[in-house]
Amino acid sequence: MIEMKTAANIAAMRESGRVVARALAAMRDAAAIGTTMIELDAVGAKVLADVGATSPFLNYHPDWARSPFPASICASVNDAVVHGIPTGIPLGDGDLVSIDFGAILNGWAGDAAISFIVGTARQEDLDLIETTERALAAGIAAARPGNRVGDIGHAIAQVARAKGYGLLADHGGHGIGRTMHEDPHIPNDARAGRGLKLRPGLVIAIEPMLHAGGSDGYINGADGWTLRTADGSRAAHVEHTVAITADGPVILTEL
Ligand code: MG
C-alpha cells in the first residue's frame, strides 16, 4: 500500500530529515584516518538520543536477513556497496566511506546516505562520488508530478552509464513515511515512462549505488548483510528522502 502524505505529514518528515542530515554531517566531521566505523556509529546514535529520535536501522530484520542489523549506521568502505556492518577496523588514508543513516522522530522516518574520502583522495574516487551525486540529483529532478517511477531510474542510470560505471541495479530506493521502507520500489535503472505515476504527496528515498569497475555484479558478504562489488572495485552510495509536491521535488534530508 502507498500512503500519500499531507503537507503537515511532510513538514513532520522534514524534521526527521534534518536530524538525519545533522547526524551525517557530524559523522563526516568525526571521520579521520584511524577512526573506526563503530566510533562513527556512536556519533550518529548520540545525535538521535539527544533529540529523542530512534534508529530504524538498529535491529531491522527483513525476511532475507539471517540476523537483525546490529547498528544505527550502515558503514560501507571501499568495495562494500551498501549494508555494511560497522567494524573496529581503523580507517586508512584514502579509504572511500559510505554511510547510510535513518531516524524516526515523532513517528516519521528520514533516510539518507553520503560517500566521502578519508585523508588523501584519489581522483578516480572523487570522480565516482561526484558522478553518484549527479545521478542522485538527476533522479531527484525527475521526481515530479506527471512523471513515473521509471523516469527516476532512467535518469539515474543515464548519468552512471555515461561514465562507464556499474550500478547495483536490482536494489534501489523506496517509499518512506511512518516506516523506513514502504512501497513503491524506486529503481536505479529503468525504462523511462514506465511504472507508477508520481503524484503530490508521495515521499520516496532515492539512492543510486555506483560501482567504479563498470560491472553490475555484486557478492553477498559472509556477515549476511554487506554487499560488495564482484570485481573488487570501489563503490559509492548517496541518498536523499524527497517529497513530491505540486511545485516539484523537495529534499527533506538537508540541513
Ligand atoms: Mg534508503
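**View 1. Asn59 sits exposed, with a relative accessible area of 54%.** Here exposed means over 50% relative accessible area, buried under 20%, and partly exposed in between, using a 1.4 Å probe and protein chains only. This is a predicted model, where local features need pLDDT of at least 70, side-chain atom pairs count only at pLDDT 80 or more, and totals for chains, interfaces and linings use all residues. Residues are numbered from 1 along each chain as its sequence is written, and side-chain values use heavy atoms, with hydrogens and water left out. You'll find Asn59 in the loop between α2 (37-51) and β1 (73-77); helices (H or I, at least four residues) and strands (E, at least two) are DSSP runs, numbered from the N terminus. Asn59 isn't a glycine, yet its phi is positive, near 70°.

**View 2. His83 is another non-glycine residue with a positive phi, near 65°.** Look for His83 in the loop that runs between β2 (80-82) and β3 (96-105).

**View 3. A cis peptide bond links Asp183 to Pro184.** Its omega is near 0°. Pro184 belongs to strand β7, which covers residues 182-187.

**View 4. Stepping back, the protein chain has four helices and 14 strands.** Along the principal axes, its C-alpha atoms fill a box of roughly 45 × 45 × 35 Å. Of the 255 residues in the protein chain, 53% are buried. Take contacts (heavy atoms within 4.5 Å) between residues at least 6 apart in sequence: 71% of them join residues at least 24 apart.
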